[in-house]
Amino acid sequence: MTIGGYTMKDRGFAIEVSQYESGWSFLVQGDDANQFRNEWETAQKYGSSFGTFLNDHEYNTLFQ
């Protein structure tokens with residue numbers, strides 16, 4: 001799924017997020033991937049953008 005400059009790939013056991021412009025990415029697995037899914041689902045209900053969601057939950061610090 002492509003969302004506002006980011007690509008998110010849900011691989012079932014893991015979620016990979018990439019940022020278009022920088023080419024940076026991160027991968028969360030297992031319980032962390034489940035937590036990411038739940039938090040993103042909740043953020044969508046409140047109309048949060050994907051970039052804001054990443055910043056608010058400090059996932060943006062995982063980009064390398």
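The questions below move from the overall fold to the sheet, the core and a single residue.

Visitor: What kind of model is this, and what is its secondary structure?
Guide: This is a predicted model, and its secondary structure comes to two helices and four strands, which follow one another from the N terminus as β-β-β-β-α-α.

Visitor: How do you know that the radius of gyration agrees with that of a compact globule?
Guide: For 64 residues, a compact globule would have a radius of gyration near 11 Å, and because the protein has 11 Å, the two agree. The C-alpha atoms fill a box of roughly 25 × 25 × 20 Å along the principal axes.

Visitor: What makes β1 and β4 edge strands?
Guide: The open sheet has the order β1-β2-β3-β4, with antiparallel pairing, and β1 (2-3) and β4 each pair on one side only, as edge strands do.

Visitor: Why is a group of residues here called a nonpolar core?
Guide: The term applies because such a set consists of buried residues of nonpolar types joined through side-chain atoms within 4.5 Å. The largest nonpolar core has 16 residues, and those with the most contacts inside it include Val17, Phe26, Phe36, Phe50, Phe53 and Leu54. At least two residues of this core come from each of β2 (6-10), β3 (14-19), β4 (25-29), α1 (30-45) and α2 (50-56), with α1 giving the most, four residues.

Visitor: Which residues is Phe53 in contact with, leaving aside its neighbours within four places in sequence?
Guide: On that count Phe53 is in contact with Phe36, Glu39, Trp40, Ala43, Ser48 and Tyr59.

Visitor: Why is Glu58 called exposed?
Guide: The relative accessible area of Glu58 is 54%, and since exposed means over 50%, the term applies. Glu58 lies in the segment after α2 and has a positive phi of about 60°, although it is not a glycine.

Key. Residues numbered from 1 in each chain as written. Predicted model: local features only at pLDDT ≥ 70, side-chain atom pairs only at ≥ 80, totals over all residues. Heavy atoms only, no water. Buried < 20%, exposed > 50% of the residue type's maximum accessible area, 1.4 Å probe, protein only. Contact = heavy atoms within 4.5 Å. Pairing = 2+ DSSP bridges. Rg over C-alpha atoms; globule rule 2.2 N^0.38 Å.
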